[in-house]
Amino acid sequence: MPARTPGGTHGRALAGRARCARNRPPHPRSSGAVMSTESLRRILGGPTGLGTSSLYPAPREEPPTAGSPVPGLYHHPVAEPDPVRTEEVDRRSKEWAIDEIGLYPPEWEEQFDGFGIGRYMTVCHPDAPTVDHLMVAARLMVAENAVDDCYCEDHGGSPIGLGGRLLMAHTSLDPLHTTPEYEPQWAGSLHDDAPRRAYRSAMDHFTDVASASQADRFRHDMARLHLGYLAEAAWDQTDHVPEVWEYLAMRQFNNFRPCPTITDTVGGYELPADLHSQPAMQRVIALASNATTIVNDLYSYTKELDSPGKHLNLPVVIAEREGRTEREAYLKAVEIHNDLMHTYEAEAAALAVACPLPIVARFLRGVAAWVDGNHHWHQNNTYRYSLPDFW
């Protein structure tokens with residue numbers, strides 16, 4: 001199952017690098033980069049329809065019902081994912097989690113099923129050529145959630161000692177290179193707990209299809225994620241509520257970035273490293289990841305309020321730091337999300353114009369599909385999420 005593009009594509013992409021570098025996209029606030037949503041969708045070929053005609057839809061008066069989107073949240077509705085693929089990813093993911101790595105005890109089965117990994121992967125990666133490609137992403141996401149739950153959150157997680165646990169887990173993704181005397185002890189530690197087993201196995205499956213560059217890119221983004229975990233844990237230990245800008249900085253690291261960054265691997269091709277590493281592309285990926293993470297803050301708001309302890313999310317931080325009511329803070333968080341989305345879309349459109357290579361457009365379409373699919377999954381996962389009654 002090759003993840004690389006046919007031989008000529010890489011060469012054409014490299015040949016286009018200088019052209020892309022000379023035509024750096026203007027800042028979205030400059031007149032040359034201001035594009036409508038319709039222009040962006042025309043360039044990237046993404047979904048159209050209800051919700052794409054207005055940048056700031058007005059909040060509705062009636063409260064949302066189960067499965068409704070957050071009122072006023074800028075998003076692009078997408079079609080329901082393929083039910084056959086969804087069911088197959090669910091089946092294979094559960095088989096891997098139980099039979100291959102022993103990820104969770106029987107009492108967690110309902111939560112595993114309620115997460116809906118098959119729906120998540122299928123709606124976020126509509127261009128995946130096979131279910132095998134979808135499973136590459138599914139295993140990684142299940143493993144990331146196991147680390148989050150078992151090290152940080154619901155299932156025994158704690159900020160105390162988190163750094164040591166995360167470091168050992170990260171060596172399941174980024175192998176230790178040490179002396180023959182100590183290598184066996186490290187190798188044995190990869191089986192010590194479920195999160196490390198999950199990381200190791202998921203990464204093995206990923207590197208079977210990813211290029212060396214794609215694998216290194218993913219390891220880098222996972223290091224970013226772990227750094228974000230540690231910042232939040234440090235605030236938890238000191239009972240610190242960050243300023244809003246500080247919270248947003250943390251969320252740029254503790255966010256979904258490892259997921260959209262592998263969209264080319266899951267799609268069965270490769271965006272060459274020189275194109276992926278361009279500052280303009282990195283900004284697009286960062287903005288998309290930041291926006292999708294605020295989606296999580298908004299949909300998980302009531303779930304986190306009902307959980308023990310104090311959970312930091314954007315509405316909570318805004319309420320405390322800016323002296324707003326819960327409702328005002330939540331609606332301000334919606335505005336922040338929308339601002340991030342508009343900036344992301346403007347930057348993506350400008351990059352597509354400045355670097356008119358088919359492989360760049362393909363990757364940008366993949367990121368856009370992930371952004372839209374991520375919202376669709378959050379909106380429709382009523383097992384996990386419900387909305388506050390602020391409307």
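A disulfide is taken here as a pair of cysteine sulfur atoms within 2.5 Å. In this predicted model, the count under that rule comes to zero disulfides. For Cys124, the closest cysteine sulfur belongs to Cys259 and lies 7.8 Å away, which is too far for a bond. Cys152 likewise takes part in no disulfide, the nearest cysteine sulfur being that of Cys150 at 9.6 Å. Cys124 is buried, with a relative accessible area of 1%, whereas Cys152, at 21%, counts as partly exposed.

The relative accessible area of Ile294 is 1%, so the residue is classed as buried. When neighbours within four places in sequence are set aside, Ile294 is in contact with Leu248, Leu314, Ala333, His337 and Leu340. The C-alpha atoms of Ile294 and Phe256 are 9.9 Å apart in space, with a separation of 38 residues in sequence.

Asp193 is located in a loop, between helix H9 (183-189) and helix H10 (194-209). Although placed in a loop, Asp193 has a relative accessibility of 18% and therefore counts as buried. The side chain of Asp193 reaches the backbone nitrogen of Arg196 at a distance of 3.0 Å. This separation falls within the 3.5 Å cut-off applied to N or O atom pairs in polar contacts.

Conventions. Residues numbered from 1 in each chain as written. Predicted model: local features only at pLDDT ≥ 70, side-chain atom pairs only at ≥ 80, totals over all residues. Heavy atoms only, no water. Helix = DSSP H or I, 4+ residues; strand = E, 2+ residues; numbered from the N terminus. Buried < 20%, exposed > 50% of the residue type's maximum accessible area, 1.4 Å probe, protein only. Polar contact = N/O pair within 3.5 Å; in protein donor to acceptor, adjacent residues only side chain to side chain. Contact = heavy atoms within 4.5 Å.
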